[in-house]
Number of protein chains: 2
Amino acid sequence: MAVRHYTLDLKLRAPADVSATVRGLQSIFQEQEMTETVHDSEGHGYLATFVGKNGRFAILRMHSHGLLTFDLQCLEGDEEAQVDNLLNALEKKLKTLLDGNIQRIKRLPALVRGSDVDRYWPTADGRLMEYDIDEVVYEKDSDYQNIKILHSRQFGNMLILNGDVNLAESDQPYTEAIMGSGKENYAGKEVLILGGGDGGILHEAVKLKPKMITMVEISFMRITSTTVADHQSVPVYIDELVINGCRKHMRKTCGNVLDNLKGDCYEILVQDCVPVLKKFVEQGRMFDYVINDLTAVPISTAPEEDSTWEFLRLILDLSIRVLRPSGKYFTQGNCANLTDALSEYENLLGRLSCKVDFSKEVVCVPSYMELWVFYTIWKK
Amino acid sequence: MAVRHYTLDLKLRAPADVSATVRGLQSIFQEQEMTETVHDSEGHGYLATFVGKNGRFAILRMHSHGLLTFDLQCLEGDEEAQVDNLLNALEKKLKTLLDGNIQRIKRLPALVRGSDVDRYWPTADGRLMEYDIDEVVYEKDSDYQNIKILHSRQFGNMLILNGDVNLAESDQPYTEAIMGSGKENYAGKEVLILGGGDGGILHEAVKLKPKMITMVEISFMRITSTTVADHQSVPVYIDELVINGCRKHMRKTCGNVLDNLKGDCYEILVQDCVPVLKKFVEQGRMFDYVINDLTAVPISTAPEEDSTWEFLRLILDLSIRVLRPSGKYFTQGNCANLTDALSEYENLLGRLSCKVDFSKEVVCVPSYMELWVFYTIWKK
């Protein structure tokens, strides 16, 4: 059973008369038969808590600098209309009591805490987002990560890896962008996809009649983070359990390309991509397009402390070595707001063993709730 | 001064041993010199509050059904690293104490309450969204509504009317969709825009060499809501103060078309559109395109109780009467999730005095954080 957490905040123009305000609200809490405790706030304004029936719990704070915050926690089964009435009554009363002194009233949609279906998936730049998720479709812990496929009412099924929104069935713009935004001719070309376990790129690429697509899945770094605070600078890897989940539940994204690991013009290698790339270099095998769908640019900008940057550089170096002189390398960057990390990545591009140039594009990927940067890289 | 509100929730597989857990956490709160109050929860699990230094206030609840919630409110000036340390210590300790019994740990980005720049603007379907807003660029209360232009790092300046995100400088897809998604030929045509005070449609339309564009602003219904709870089914009107704000601060959207109310091929009438439409009907004036950018389809689905539906029908009826037989009427619907309201609107289309057909398109408008439905309507 979940808890709904309501907030009602009043930003005041000037500190208000605490005792008049508290006295004015008393009747509302008494009517609700809530038991009040006034706390010693150690000089930080007025602070009272209220325990009500049915597990209700409220907090009233009047900060000395002119902010009034009210919290109400209710159990999931608590009647929403009744709770709304309580909040409406409180808001109305406060408007009367603080008439003329209110700069802003803010009442947010209730935060739902501990529900079976978790709707909160922050953006890469750390902002709180509530999705319209109504069902957990698939959930597995692989050796490498936690894999979820959740159903969003508007975005369709969404792949979430270690808490990061990876791709939803609505996210054709992601696939388009990481394939060169429709400006490339794939016909007869040799294509290498690194990652891409949701099958979206492969599904689009096979339609374009390339000579051969080689897709290499990797699976070699253990990831243990589960919380928002930890997920900073953790790369996201795709593994076989991802392929299994997407094959079944992301068919709008992958079509039938994941049903077999080998098709007319493609082959999926479920292997660590680094030795595979090294083998290709040895063999002198070359590609017209290399599409790196492995991992976003790390959020951390301290490359020397972050093995993800080293990994990124290794993949880049190897990829450029298997790229034909006329070829193109496509990859995602990160969200547009992480400007420091993106600059760091662009600096890295200037330090590769082979000289490259790049262009970038900012794209709106529907389920991401933030603009995303994509890079095109080519040999100078 | 704002308050940062942190949450840390543990969903448990089975109810935990309360006294062992509480005892295990004690040292953390003691170290923080927090004063504990244990509340009588009236049979709804364990509930304790903690008052700390510097205005810190924490709540620990262990619900009998196996959910542990922790809240920590801090003043804005409180050192973030210290707060993170406290939460990390708590999370680590809880992981040890509840080892094997944890189904999910959720730590959300802190909710910032009462800050000068409000970053929370819910979607039309009522979900909590945190925007990357860093500046209030323009704020006015007109006779009709509260008008804000806020700066988003990624979306540019955003127009917010009565708390509803209206349009950001990033939202070219909105303008494209409400003009027929690039499939129309505006050259030499007569165009009527209803609303559109941000100037986005007008700016795009003048580029397409139409014969004449008439844009009619309306300004006749007083709106008083300011909170999320109230904003249901309140139409959004554009008024002169909107034009003033957008002219200055949304130039990526409107270019220079709002600098003058009259241009080579356009005229802006700052008038109530209903009498203007009635006059056009009387005069027998006809248009090739009517673009209704006035208001989204109301959220309420009880048309008989909602004057907005009546208004919508009136505008529709009048618009269809000034539409050439070969003409098209474009309008926004609402977010894709409000299926009941959209169905109601489609039913309304079947009950107009003139028979019409329609098509619809679902579009991703970057700053909306939800997919949006657009309609094209034509005479049968």
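The legends below describe close-up views of a predicted model.

**View 1. The two copies, chain A and chain B.** Chain A can be laid on chain B with an RMSD of 0.0 Å, by a turn of 180° and a shift of 0.0 Å along the axis. The two copies are thus related as by a two-fold rotation axis. Of the interface residues of chain A, 99% are also interface residues in chain B, so the copies meet through the same surface.

**View 2. An open sheet of seven strands in chain B.** With mixed pairing, the strands of this sheet follow the order β14-β13-β12-β15-β16-β18-β17. At the edges stand β14 (266–270) and β17 (356–364) of chain B, each with a single partner strand, so one side of each is left without a neighbour in the sheet. Neighbouring strands are turned by 15° against each other on average, direction ignored.

**View 3. Strands β12 and β13 of chain B, with helix α8.** Strand β12 (residues 190–195) pairs with strand β13 (residues 212–217) in the parallel sense over five bridges, and B:Leu192 stands opposite B:Thr214 in β13(B). Helix α8 (residues 307–321) of chain B packs on the sheet, where it touches β12, β15, β16, β17 and β18 of chain B, and its direction makes about 155° with that of β16(B).

**View 4. Helix α4 of chain B and its surroundings.** Helix α4 (residues 200–207) is mostly covered, with seven of its eight residues buried, among them B:Ile201, B:Leu202 and B:His203. The buried residues of α4(B) pack against α3, β12, β13, α6, β14 and β15 of chain B. After α4(B) comes B:Lys209, whose phi is positive, near 55°.

Conventions. Residues are numbered from 1 along each chain as its sequence is written. Chains are lettered from A and ligands numbered from 1 in the order in which they are written. This is a predicted model: local features need pLDDT of at least 70, side-chain atom pairs count only at pLDDT 80 or more; totals for chains, interfaces and linings use all residues. Side-chain values use heavy atoms; hydrogens and water are left out. Copies are superposed by least squares on the C-alpha atoms of residues with pLDDT of at least 70 in both. Contact means heavy atoms within 4.5 Å. Two strands pair if DSSP finds at least two bridges between them. Helices (H or I, at least four residues) and strands (E, at least two) are DSSP runs, numbered from the N terminus. Axes are lines fitted to C-alpha atoms, for helices over the stretch in contact, and angles run from 0 to 180 degrees between N-to-C directions. Buried means under 20% relative accessible area, exposed over 50%, partly exposed in between (1.4 Å probe, protein chains only).
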